[in-house]
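Please view the sequence and the model before reading the points below.

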Amino acid sequence: MTLFTLGAILCSLLALATALDPIEVKGNKFFRKDGSQFFIKGKQTFSTIEIAKRAKIQIVYHSTCAGISYQLRPNDPLIDTEQCQRDVKLMKELGANALRVYHVDANVDHDGCMKVFADAGIYLLIDLDTFDTYIVPVHNFWTTRHYTKFAEVMDTFAKYDNVLGFFVGNENIASKDDSLVAPYLKAAARDMKAYRDAKGYRAIPIGYSAADIRVGPMLQNYLVCGGNSSESVDFFGLNTYAWCDPGTYTTSGYNDLAEEARNFPVPIFLTETGCNVPGPRQWADMEAVFDEDRMAKDWSGAIMYEWIEEMNHYGIVSYGPPVPKGEPMVDNDIIYDGFTRKGTPTPIHPDFDNLKTRWATLHPTGVSRGDYDPGQVVTPACPTSTQGGWWLVDGNSPLPVLDVIPTRHGAGRVMLQSTGTAAVEGEHVQDSDGGQFVQDVDEDSQAATSYISFSAIVVLGLSFFWGLGGT
Ligand SMILES: *[C@@H]1O[C@H](CO)[C@@H](O)[C@H](O)[C@H]1NC(C)=O
């Protein structure tokens, strides 16, 4: 190896390390290294931050930008550097500062895309789980197999300073009776936080992304209750499509969301949003999210759903016309599920421009780290179960340990049974439509095969759009 190549490698490593400073959590807020509050969304272009950084100016006015759901096809979008380069231009035009990615492959190199996004001031929120490691409600398992795979994803991404956080799950609880899986999600967060700390990684926040259903406040409080921060999620995300334009703060119920998150002890933000009916989308909910009199005092921003236009019609860019009706739907490197998923993105009008304009007008100031008193936050009481209701977990019970496998006896009753092995497991296979089947091999299972919840499928970004809001 010549000195030149060594130098080049060191430079690229250095560039990687210094391209973007990691975001840290204090109380229920995200902060940049310079002490300014970080909101997921935006205005204020990255160049301003860069200029200020170079001049070592303390930015009092925090930078805000936009979060985008970014999943071009079922597999990892962060391994195609050229595609990331093509996409990042429009993301910058939009003012994005965060991307959410649902499925990554721990065994592939991500340096290219991670640097493309770091250079653009864009942070990544990444799911530790994927299709075959999803914590499925009907199983309620948190096993060594999950743990090992989650750890592999963390090992792959922990080195990037522009990782904003990891999810242990997305919408695992999506219908009545699903709440029984909540202790396993919390156990997953506990164990992955312990793993992160044992490995000496920086304190990358580990959280959960919830469906907007009526377990809302209970689940939200449960995941942070108990008074032991080692057992709480580091942030809570909510996917909501409750605000359809024209809508209001009260008709959408966002006012209730604000109330339910008052002085919440960890950062909370919308991890999916952007109702698309009747359209065109006005993104008026962003006004409330970033308004400090309404939500921005406790909420840390929003991730719009989603980048690519596909069958569900939530996209804001297109890579080409859909495969015409009647023509065979052939999946290949370019096309998947009838849509082109690679190439030069074209904004979809007027939704793209509406979002750009909306984000460009919002300037929450937030609070500087030094002025912020995290003592204001309140740890909620653990919710108790409501018999026959949506929330079936006694929040004060100890969390399950790894590999303790529950056995269900009738609706809603779960007994813990320690086997010390992860051998009894569901097998997950993906069907041809991209939906996920769960082949149930649990000992006392009733149904041999069941679909996982619709909302979980929607967020894979693959499915038809059946109903209002997608949850
Ligand atoms: C907090 O939780 C961790 C992880 O479960 C545990 O090891 C620790 O003992 C707990 N601390 C207290 C004070 O209970």
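Gly169 counts as buried because 23 C-beta neighbours lie inside 10 Å; a residue is buried if 20 or more other C-beta atoms lie within 10 Å of its own, exposed if 12 or fewer, and partly exposed in between, with C-beta atoms placed from the backbone. This is a predicted model, in which local features need pLDDT of at least 70, side-chain atom pairs count only at pLDDT 80 or more, and totals for chains, interfaces and linings use all residues. Residues are numbered from 1 along each chain as its sequence is written.

**Surroundings of Gly169**

- Gly169 belongs to strand β7 (residues 163–170); strands (E, at least two residues) and helices (H or I, at least four) are DSSP runs, numbered from the N terminus.
- Apart from neighbours within four places in sequence, Gly169 is in contact (C-beta atoms, placed from the backbone, within 7 Å) with Asp129, Ile135, Leu185 and Tyr208.
- Val136 is 33 residues from Gly169 in sequence, and their C-alpha atoms are 9.5 Å apart.

**Helix α3**

- The 14 residues of helix α3 (residues 81–94) should span 20 Å at 1.5 Å a residue, which agrees with the 20 Å between its end C-alpha atoms; the expected span is 1.5 Å times one less than the number of residues.
- At Val88, α3 bends by about 30 degrees, the bend being the angle between axes fitted to the seven residues ending there and the seven starting there.
- Buried residues of α3 are Gln83, Cys84, Asp87, Val88, Met91 and Leu94.

Terms used. Contact = placed C-beta atoms within 7 Å.
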